[in-house]
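Thanks for making the time this morning. I would like to walk you through one chain, moving from its overall make-up to a few side-chain pairs and then to its surface.

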Amino acid sequence: MVDATTPFSPRSTVGRHLQRWVAGSLMAVALLGGQAWAKEAELLAANPEQEARMMAIATELRCLVCQNQTVADSHAGLAVDLRQQIRELLAKGQTDQEVRDYMTQRYGDFILYRPPVEGSTALLWFGPGLLAAGGLLGLWLLLRNRARMQADAFDPDEPEPDADLPPRPM
């Protein structure tokens, strides 16, 4: 049991000063500690037009580490390397399509955020629509069959009172 006379109790003056000092120290560490993890800024292309082209291409490529982000959005080390590689290819004078072809040749269709419609990707493109259509068809069949059922096939709305129990007061 801590009372107000104990020097380090939360209600004493010393205790309140100690709490404030600890809280202030933790806030200072939290606010200034982030500087220790700061990184250098990414290298940018020589001109803004080339950087815009690089970002346009990077938004069409999937990050191979994150897989649910584009190369442009990801902060993974591989995504940073891929963006730099795109910059280098563009600096060599390659077109946007040549860069996409290079990345596809190197990493496969998986790197494309919108893979081409081919036999191997048909399920990827049409599978969700087929599943939705199948679900709607199943729901329609279920509702149609229920509409054709007799009323006595359903459970009654109110349960029958048990003969053993006395009626409840209302």
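Predicted model: local features only at pLDDT ≥ 70, side-chain atom pairs only at ≥ 80, totals over all residues.

**Surface, helices and salt bridges**

Of the 170 residues in the chain, 19% count as buried. As for secondary structure, the chain has 5 helices and 0 strands, so that, read from the N terminus, the order of elements is α-α-α-α-α. If we take the contacts with a separation of 6 or more, 41% of them are between residues 24 or more positions apart.

Which residues of helix 2 are buried? They are Gln 50, Glu 51, Met 54, Ile 57 and Ala 58, and because they cover an arc of only 125 degrees around the axis, they sit on the same side of helix 2. What do these buried residues pack against? Their partners are helix 3 and helix 4. On the face turned away from that buried side, helix 2 carries the exposed residues Pro 48 and Glu 49.

Now to the charged pairs. As a general point, side chains of opposite charge can pair when their charged atoms come close. How many salt bridges does the structure hold? There are 3, and I will take them in turn.

In one of them, the side chains of Arg 87 and Glu 51 meet, with 3.0 Å from N to O.

Another salt bridge joins Asp 96 and Arg 53, whose closest N and O atoms are 2.8 Å apart. Here too distant parts of the chain are linked, with Asp 96 in helix 4, residues 96–107, and Arg 53 in helix 2, 43 residues apart. Are these two residues buried, exposed or partly exposed? Asp 96 has a relative accessible area of 23% and is therefore partly exposed, and Arg 53, at 27% relative accessibility, counts as partly exposed as well.

The remaining pair I want to show is Arg 100 with Glu 60, where the side chains meet at 2.4 Å, N to O. Because Arg 100 lies in helix 4 and Glu 60 in the loop between helix 2 and helix 3, the pair ties together parts that are 40 residues apart in sequence. With the cut-off for buried set at under 20% relative accessible area, Arg 100 is buried at 17%, whereas Glu 60, at 23%, is partly exposed.

Finally, back to the surface. Val 117, Leu 124, Trp 125, Phe 126 and Leu 130 form a nonpolar patch there, with about 540 Å² of accessible area together. Where does Val 117 sit? Its place is in the loop between helix 4 and helix 5, the latter spanning 122–148, and at 52% relative accessibility Val 117 counts as exposed, because exposed means over 50%.

Definitions and conventions
Residues numbered from 1 in each chain as written. Heavy atoms only, no water. Helix = DSSP H or I, 4+ residues; strand = E, 2+ residues; numbered from the N terminus. Buried < 20%, exposed > 50% of the residue type's maximum accessible area, 1.4 Å probe, protein only. Contact = heavy atoms within 4.5 Å. Salt bridge = Lys/Arg side-chain N within 4 Å of Asp/Glu carboxyl O. Patch = residues over 30% accessible without salt bridge, like charges linked within 9 Å, V, L, I, M, F, W, Y side chains within 5 Å. Areas by Shrake-Rupley, 256 points an atom, 1.4 Å probe, with all protein chains shown as cover. Arc of directions from axis to C-beta.
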